[in-house]
Amino acid sequence: AGKNKDDIPINEFRKECRVFAEQWIDVQREEFKRLGVEGDWDNPYLTMAYEAEAHIAAELMKFATSGQLYRGSKPVMWSVVEKTALAEAEVEYADYESDTIWTKFPVAAIGDGADPSLKDASILIWTTTPWTIPGNRAICFSPKVAYGRYEVTAAENDFGPQPGETFVVADALAAACAEKAKLEVKRLQGVPAAVLADPAFLCHHPLKNHGGGYEFAVPFLPGDHVNDEDGTGFVHTAPGHGREDFEAWMDAAPDLRTRGIDTDIPFTVDANGAFTEQAPGFTGARVINDKGKKGDANQAVITALIERNALFARGRLKHQYPHSWRSKKPVIFRNTPQWFVYMDDAIEGRQGDTLRVRALEAIDETRFVPSAGQARLRGMIQDRPDWVLSRQRAWGVPIAVFANADGEVLKDEAVNARIFEAFRTEGADAWFEEGAAARFLGSDYDPEEWVKVDDILDVWFDSGSTHAFCLEQRPDLKWPASLYLEGSDQHRGWFHSSLLESCGTRGRAPYEAVLTHGFVMDEEGRKMSKSLGNVVTPQAVMEQNGADILRLWVMSSDYAEDLRIGPEIIKTNVDSYRKLRNTMRFLLGNLDGFSEAERVDVADMPELERYMLHRLAVLDEIVRQGYRDFDYKRIFARLFNFCTVELSALYFDIRKDALYCDPASSHTRRACRTVLDQIFSCLTAWLAPMLAFTMEEVWLARNPSDTGSVHLRQFPEVPQAWRDEVLAAKWEKVRQVRRVVTGALEIERREKRIGSSLEAAPEVYIADEALVAALDGLDLAEISITSGASLSAGEGPGEAFRMEEVAGVAVVPAMAEGRKCARSWK
């Protein structure tokens with residue numbers, strides 16, 4: 001039987017965690033290698049390495065020393081299953097069915113300017129969390145919303161609201177509320193916002209006297225978060241269970257205290273998700289149980305409201321609700337003491353210099369690919385609350401600080417240095433050893449007065465510190481990083497925490513650019529799941545087709561959006577890969593034995609060779625700019641088109657006779673091999689980052705070496721002198737004519753009148769003088785891969801083959817005369 005982690009010494013448990021993590025490091029290392037990822041695999045950076053733990057703790061100490069770290073009590077997202085606070089980055093949203101209630105808060109007192117009849121009314125609120133009603137301390141309203149007092153004129157049910165009762169609700173939502181409770185209502189009067197804003201206007205708590213509690217008055221607070229789009233136009237405010245509730249309550253606290261209202265925030269729910277004694281009458285009821293299922297708290301509250309005639313209506317709502325990314329179970333908002341980093345307090349007293357301001361400025365100075373990532377991260381930083389750092393866990397780097405009874409952090413360089421050195425040599429386990437407090441405090445401080453904080457740091461703080469213990473500590477790396485690369489979910493994860501950590505300690509982002517990609521879906525754009533049977537694993541693709549097929553799929557996809565993969569998509573990429581591989585095989589085969597003595601100067605080359613060099617020069621610019629822009633899809637599309645259309649279907653096709661049939665001394669053959677050498681040099685370099693394994697295989701096949709590698713090369717310098725726009729324009733015209741000839745011969749082949757284009761000697765008619773001029777001095781038969789060809793000026797006969805997109809060219813297919821050459825097939 002397994003052991004309960006709470007029953008064994010913490011460092012014994014941490015040791016088991018380390019062993020478990022180590023085995024997965026080895027698995028991930030091998031998978032990355034198989035994918036062709038380059039890295040210092042013998043010395044990877046690991047957050048659990050002793051050196052890393054020391055630097056992570058040192059980064060936390062910087063926040064403490066600068067006064068940015070504080071202990072506070074706020075509502076945080078809490079996982080009952082894991083019994084720990086969670087940050088925004090540790091939460092994902094999933095469908096969840098909530099109990100919903102419309103609750104009546106009886107009016108207790110009104111101001112002098114209010115209509116006396118309001119004393120008999122109730123204020124109506126709506127919530128999807130009935131269990132938070134015991135924590136209610138206020139009702140928020142909006143001065144921008146029109147409110148009215150309504151009377152029930154008829155009720156379908158003999159329970160709940162009955163004829164004669166009156167309630168206040170937003171005018172825009174009155175009909176929907178009445179329908180939910182199966183009522184007929186009439187509007188009696190408007191209720192001005194000024195009446196609600198009067199400090200004298202108060203409500204009774206709907207649970208008044210339940211369990212001997214809730215006898216306090218409920219005040220009204222204005223709130224920007226209130227609207228009349230759904231609910232009732234009023235917001236039930238439980239400051240211990242929501243960020244907006246907390247902020248509204250704290251903003252109003254000074255004024256509330258002057259009015260004699262207790263502003264202490266109750267701790268109504270404990271770490272187990274159970275009501276405490278501060279929720280009278282409900283102690284022990286569970287909001288969520290240990291298995292993450294809905295407990296009995298909602299029903300207990302609803303039953304109590306019914307007993308007090310305070311329930312107006314009830315229902316259920318299926319909506320997106322926060323869940324823990326680990327346990328996949330719903331979380332709750334719970335007021336609990338935690339350690340935070342200020343987002344809006346002046347850093348070291350410098351007015352206007354806050355972590356939020358620094359982070360927003362850093363975002364503006366960072367390049368984002370795609371650019372939409374900038375607005376997304378900015379929106380998250382702009383609206384986020386203070387950063388909650390503490391976790392109630394055993395594994396991880398501790399919040400290695402000491403605090404007194406008031407929550408003040410000890411700031412002592414000597415103490416910090418002792419902690420850093422111990423973590424560097426012994427690991428963070430040193431913090432949990434017996435006598436650790438006295439060891440680190442030394443003789444200058446009393447361990448009875450300074451408490452060692454044993455909470456664990458948010459794992460996103462660990463990852464957010466990687467720039468500190470990796471980039472800054474390795475001589476072969478630089479700070480800031482040129483690029484951070486991850487999925488789009490990391491706007492709230494690694495990109496986010498790295499930005500905050502670095503801005504808090506160094507005043508700027510740890511990266512110059514951020515690139516994000518979408519998620520991987522199936523072929524139909526659906527999320528992969530075992531139940532749908534649509535899961536495609538990288539390992540399976542690599543086992544069947546090799547890693548370069550997977551790499552090619554990534555490079556040819558638009559990573560700015562969600563990527564799709566499945567059998568048909570993989571098949572398409574396999575076909576594309578095969579075509580590219582055939583191109584490389586052609587190059588290798590026809591470059592066998594090539595030497596410098598064979599090389600031909602560019603000026604002495606035939607036009608076709610110079611045209612291909614022009615195309616290389618154009619592609620060089622496109623490829624380099626594409627890599628600078630991280631536009632891999634564009635690079636791949638251009639190179640794939642070059643290989644399949646311009647090389648295989650044009651250049652190779654035209655020159656294969658010269659390569660196979662001409663003598664080694666042939667000028668055309670030598671020029672062609674010179675160009676093939678340049679094409680080989682460029683393609684192997686340009687495609688190496690994409691098809692890492694294949695280009696290595698191709699390069700070493702021609703350049704055998706135990707130490708050499710295509711990945712040690714730089715992109716070859718392609719002379720811009722190779723660019724010849726006039727020649728390119730001419731050959732674009734030549735290719736237009738060739739397209740019409742090829743189209744005519746394709747019909748002949750389909751009708752089985754010829755088997756090969758070499759059996760033909762087409763008659764070509766050209767009415768466009770510019771096209772005729774382009775063909776001057778060229779062998780049309782050689783260009784068209786035919787045994788012969790005649791060229792005549794004019795429109796040509798009516799029955800000739802034409803293509804609408806190439807005006808002025810007509811082709812009459814004809815059979816070649818003579819016997820077929822056994823060598824050239826002409």
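In this predicted model, P370 sits in the loop that runs between strand β14 (367–369) and helix α8 (372–383). The peptide bond that joins V369 to P370 is cis, with an omega of about -5°.

A cis peptide bond is also found between W479 and P480, where omega is about 0°. P480 belongs to the loop between helix α12 (466–471) and strand β20 (484–487).

N209 is not a glycine, yet its phi is positive, at about 75°. To find N209, look in the loop between strands β9 (202–204) and β10 (217–222). Is N209 buried or exposed, or does it fall in between? Its relative accessibility is 44%. Buried means under 20% and exposed means over 50%, with partly exposed in between, so N209 counts as partly exposed.

F630, a residue other than glycine, has a positive phi as well, near 60°. Its place is the loop between helix α17 (607–628) and helix α18 (632–661). How does F630 stand on the scale of burial? The relative accessible area of F630 is 13%. Because the cut-off for buried is under 20%, F630 is classed as buried.

To go back over the places visited, the cis bonds join V369 to P370 and W479 to P480. The positive phi values belong to N209 and F630. N209 is partly exposed, whereas F630 is buried.

Key:
Residues are numbered from 1 along each chain as its sequence is written. This is a predicted model: local features need pLDDT of at least 70, side-chain atom pairs count only at pLDDT 80 or more; totals for chains, interfaces and linings use all residues. Side-chain values use heavy atoms; hydrogens and water are left out. Helices (H or I, at least four residues) and strands (E, at least two) are DSSP runs, numbered from the N terminus. Buried means under 20% relative accessible area, exposed over 50%, partly exposed in between (1.4 Å probe, protein chains only).
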